[in-house]
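Q: Could we go through this model together? I would like to start with the voids and then turn to individual residues.

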Amino acid sequence: MTTLDSVVLEATDVATTEKFLVDAFGLAGQVRVRESAAESAGFRGFTLSLTVGQPSTVTSLFDSAVAAGATVIKPVTKSLWGYGGVLQAPDGTIWKVATSAKKETGPATRAIDSVVLLIGCEDVAASKKFYVDHGLTVGRSFGRKYVEFEGDGQVRLGLYGRKALAKDAGVPMEGTGSHRIALAADGSDFTDPDGFSWESS
């Protein structure tokens, strides 16, 4: 089975992006950075989500990201599904920090339960079949709307309709140029139907 070990963000300023990841979220191995001057405008077709255990952790990570230079897209708020907010990092990556818990379950921490890469697909069903054919195992699936794959790597992968993902992130769905991200895995190199590149880790 293909395992998503990490994601590689492509940035014009590697040092600044790496510093943001550490200062904002304490991330290192799950998300790496390399230099790229590829043109990119608007929505890049993906979001990165940090799922955590309780609201105070969301608030802590969200606040440290803002202090590290992120721009608030959706302020942290309670909703039917839990508690969370959306930010855009200085390099342009959209981050969501969220928990399904509505109450504190223990002392405040900055522990991250999982990092989730959500890819915005033109056709979720077609992309789902593509990934299953490449050895991924479906964990959860909601028709042609959303798919989440199993995996024991540092990053989990999900598929969402591009329009729905942009709406969830709070940004227009239009975008052109490079995704400015690569997926590092234990399998062979390939590119998915939406133009996301997988590379041998």
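A: Before the elements are named, one convention is needed: helices (H or I, at least four residues) and strands (E, at least two) are DSSP runs, numbered from the N terminus. Please also note that this is a predicted model.

Q: Understood. Where is R180 placed in those terms?

A: R180 sits in the loop between strand 12 (175-177) and strand 13 (181-185).

Q: Is R180 buried or exposed?

A: R180 counts as buried because its relative accessibility is 8%, and the cut-off for buried is under 20%.

Q: What about phi of R180?

A: Phi of R180 is near 60°, which is a positive value in a residue other than glycine.

Q: On to the voids. How much space lies in the largest pocket?

A: The largest pocket holds about 740 Å³ of space. It is lined by 26 residues, and those closest to its centre are T51, W81, K96, A98 and L118.

Q: Which strands supply at least two residues each to that pocket lining?

A: Strand 4, strand 5 (71-78), strand 6 (83-88), strand 7, strand 8 (112-121), strand 9 (138-142), strand 10 (146-149) and strand 11 each supply at least two residues of the lining of the largest pocket.

Q: And what is the make-up of the pocket lining by class?

A: The lining of the largest pocket has eleven nonpolar, eight polar and seven charged residues.

Q: How many cavities of 30 Å³ or more does a search of the whole structure find?

A: The search finds two cavities of that kind. The largest cavity has a volume of about 80 Å³. Twelve residues line the largest cavity, and L4, E150, G151, V155 and L157 are the closest to its centre.

Q: Which element gives the largest share of that lining?

A: Strand 11 (residues 155-161) does, with three residues of the lining of the largest cavity. By class, the lining of the largest cavity comprises six nonpolar, four polar and two charged residues.

Q: And the second largest cavity: what is its volume, and which residues line the second largest cavity?

A: The second largest cavity has a volume of about 30 Å³. The residues T47, S49, V86, I94, K96, L118, D168 and A169 form its lining. Strand 4 (46-52), strand 7 (94-99) and helix 4 (162-169) each contribute at least two of the lining residues of the second largest cavity. By class, its lining divides into four nonpolar, two polar and two charged residues.

Q: Changing topic to helix packing. How do helix 1 and helix 2 cross?

A: The axes of helix 1 (residues 14-25) and helix 2 (residues 55-67) come within 7 Å and cross at roughly 145°. The crossing of helix 1 and helix 2 is right-handed.

Q: Which residues make that contact?

A: On helix 1 they are F20, D23, A24 and F25, and on helix 2 they are L61, S64 and A65. By class, the contact of helix 1 with helix 2 has five nonpolar residues, one polar and one charged.

Q: E18 is in helix 1 as well. Why does E18 count as partly exposed?

A: E18 counts as partly exposed because its relative accessibility is 39%, between the cut-offs of 20% and 50%.

Q: Now Y83, please. Where is Y83 placed, and what does Y83 touch?

A: Y83 is in strand 6. Not counting residues up to four places away in sequence, Y83 touches P55, V58, T59, V76, T77, K78, V97, A98, T99 and A101. For V97, the C-alpha to C-alpha distance from Y83 is 8.6 Å, with the two residues 14 apart in sequence. With a relative accessible area of 16%, Y83 is buried.

Q: What about the loop residues, K103 for instance? Is K103 buried or exposed?

A: K103 counts as exposed, at 67% relative accessibility. K103 lies in the loop between strand 7 and strand 8. Leaving aside neighbours within four places in sequence, K103 is in contact with Q54 and P55.

Q: Last one: what does Q154 touch?

A: Q154 touches L4, D5, G29, Q30 and V115, not counting residues up to four places away in sequence. Q154 is placed in the loop between strand 10 and strand 11, and at 44% relative accessibility Q154 counts as partly exposed.

Key
Residues are numbered from 1 along each chain as its sequence is written. This is a predicted model: local features need pLDDT of at least 70, side-chain atom pairs count only at pLDDT 80 or more; totals for chains, interfaces and linings use all residues. Side-chain values use heavy atoms; hydrogens and water are left out. Axes are lines fitted to C-alpha atoms, for helices over the stretch in contact, and angles run from 0 to 180 degrees between N-to-C directions. A crossing is left-handed if the near helix is turned anticlockwise from the far one by less than a right angle, and right-handed if clockwise. Contact means heavy atoms within 4.5 Å. Ala, Val, Leu, Ile, Met, Phe, Trp, Tyr, Cys and Pro count as nonpolar, Asp, Glu, Lys and Arg as charged, and the others, Gly among them, as polar. On a 1 Å grid over the protein atoms alone, a cavity is a set of points where a 1.4 Å probe fits but cannot get out, and a pocket is an open set with protein on both sides within 12 Å along at least five of seven lines; lining residues have an atom within 4 Å of a point. Grid points are joined across faces, edges and corners, and a volume is the space filled by probe spheres set on the points. Buried means under 20% relative accessible area, exposed over 50%, partly exposed in between (1.4 Å probe, protein chains only).
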